[in-house]
Amino acid sequence: MIYQELTLLPSAEIPLHALWEALYKQLHIGLADVQNRESVNRIGVSFPRYELGQHSLGNQIRLIAPDEATLATLNLEKWLARLTDYIHIKKPAVVPNHAVPVTVKRYRFRPIDQQAKAHAKRHQISYEEALTHCKTHRRAELHPPFIRMTSETNAQPYPLVILQKPADAAVHGSYNSYGLSHQGSTVPHW
């Protein structure tokens, strides 16, 4: 596997969150372009300085691909041309052997009433039964870091909430147009 590391360089004029917004907007467009051209996106992302407890993505992102040719399909220089003063881009390199698998996925915590409605429909039970089940089995809400995005379709702002967590084993697969895990796929982390 190959990776390419990007380091965001915030300044007094441009804070880190603004750089994440600008970078991820361009990265999302680039990965969507890859997905449209190739029918699948095999480029994932990881955040080496991710801290769930601190609600921080850190200031680095790694693009992970099976090989250099796949990574080249992104044409990173094209999409990040306007950001070169604010992002340090390293050359692609081989993922080290000591890397461990993680899943990096979009996190959405639904309100309990929505969760109960979906559970009732899925299991063909009453809303009241589903609500009782959800109250009993509901996990605590996490508060992972996020990047504020704006929809290209309707100009509505939304948070891209990112949860990165260890995985039991590496799962090869595809990624969505944000570079996030699709159907449990993992990326190496070190």
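Visitor: What is a nonpolar core?

Guide: A nonpolar core is a set of buried Ala, Val, Leu, Ile, Met, Phe, Trp, Tyr and Cys residues joined through side-chain atoms within 4.5 Å. Buried means under 20% relative accessible area, exposed over 50%, partly exposed in between (1.4 Å probe, protein chains only). This is a predicted model: local features need pLDDT of at least 70, side-chain atom pairs count only at pLDDT 80 or more, and totals for chains, interfaces and linings use all residues. Residues are numbered from 1 along each chain as its sequence is written, and side-chain values use heavy atoms, with hydrogens and water left out.

Visitor: How many residues does the largest nonpolar core have?

Guide: It has 43, and Tyr-24 and Phe-47 have the most contacts inside it. H1 (16-38) is among the elements that each supply at least two residues. H1 gives the most, with 7 residues. Helices (H or I, at least four residues) and strands (E, at least two) are DSSP runs, numbered from the N terminus.

Visitor: Which residues of H1 are buried?

Guide: Among them are Leu-19, Trp-20, Leu-23, Tyr-24 and Leu-27. After H1 comes Ser-39, with a positive phi near 70°.

Visitor: How do the axes of H4 and H5 cross?

Guide: Axes are lines fitted to C-alpha atoms, for helices over the stretch in contact (heavy atoms within 4.5 Å). Angles run from 0 to 180 degrees between N-to-C directions. The axes of H4 (residues 112-123) and H5 (residues 127-137) come within 8 Å and cross at roughly 120°. Angles under 35 degrees count as roughly parallel, over 145 as roughly antiparallel, 65 to 115 as roughly perpendicular and the rest as oblique. H4 and H5 are therefore oblique to each other.
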